Amino acid sequence: MAPSSSTFKPNPLSLSVPDPALDRWLRDSGYLDLLDSTASSASLPPSTAAAAAASPTAGPSSGVAADVLSFARTLASLLALNPFARLSAADLAAPTPSWSLAFVGPPGAVSYSWPPTPTQARLRVQENVRRYARNYAALAILVFACCLYRMPMALLGMLASLAVWEGVRYCRDHWDLAPGIAQALLHCAQIATAILLYICNLQFALVYAIGLSYVVMMLHASLRKLTPSNLPDPGNRNRRVQPKRS
């Protein structure tokens, strides 16, 4: 019998599928959902499974330790992950997904679960951030509005800053100011804005809003199971995109 190396010849043209095209095909055909659903079944290493089968008398402490270690590895990968690495302008320009059907989905394990491996967590976060970018942006605006509601001084400072810049715009549009006076007026507005933001603690409201929005986004993106973009119902896993017949 001929060796296996001579059976399969290398690709002479070095043909390959670009990563964006492959990702688009996986997302549109629904196979990202399949990868996400089958990743949990392969999350247990073969050595761990063999060790558990070889030592049936081992106590539950080893299983608990393995679960804790897996949770820590996944959490560490989420903390070190850049969720915006694959986000593009086309994702922000796409239509906003449905809040009830796509973003939230059916309650329970059908739509949410903890990713058992760092690879699955990375896959979920990067894909969900691309898919629900406009939903996360709306949530960030809502969180910032809630922070301003809880911090009235920050809200007053932001309104005062807007009033200062509106006054500068009115003066430059309706008054015939010399270039030097217009430049001095602009610098005065910048200094007044910095003083207002510092006195009213608007920077704290921004930090709170950004931090809370990031935490909410990471929790949802990591726990939300992937679903085909054209099939918002995660309970129906047997449907796949069929090629159009001419």
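Which residues make up the largest nonpolar core? Select Leu78, Leu81, Ala102, Phe103, Ala121, Val125, Val129, Tyr132, Tyr136, Met217, Met218 and Ala221: these twelve residues form it. A nonpolar core is a set of buried Ala, Val, Leu, Ile, Met, Phe, Trp, Tyr and Cys residues joined through side-chain atoms within 4.5 Å. Buried means under 20% relative accessible area, exposed over 50%, and partly exposed in between (1.4 Å probe, protein chains only).

This is a predicted model: local features need pLDDT of at least 70, side-chain atom pairs count only at pLDDT 80 or more, and totals for chains, interfaces and linings use all residues. Residues are numbered from 1 along each chain as its sequence is written, and side-chain values use heavy atoms, without hydrogens and water.

Now colour the helices (DSSP runs of H or I, at least four residues, numbered from the N terminus). Helix H7 (99-104), helix H8 (118-131) and helix H12 (202-223) each give two or more residues to this core.

Click Ala221. Beyond its neighbours within four places in sequence, Ala221 is in contact (heavy atoms within 4.5 Å) with Arg124, Val125, Asn128, Val129 and Tyr136. A second, separate core has eight residues, including Val143, Cys147, Leu148 and Ala154.

Residues 136-165 are 97% helix and 0% strand, with end C-alpha atoms 29 Å apart. Residues 205-223 are 100% helix and 0% strand, and their end C-alpha atoms lie 27 Å apart.

Last stop: Leu162, in helix H10 (residues 152-174). Leu162 counts as exposed because its relative accessibility is 52%.
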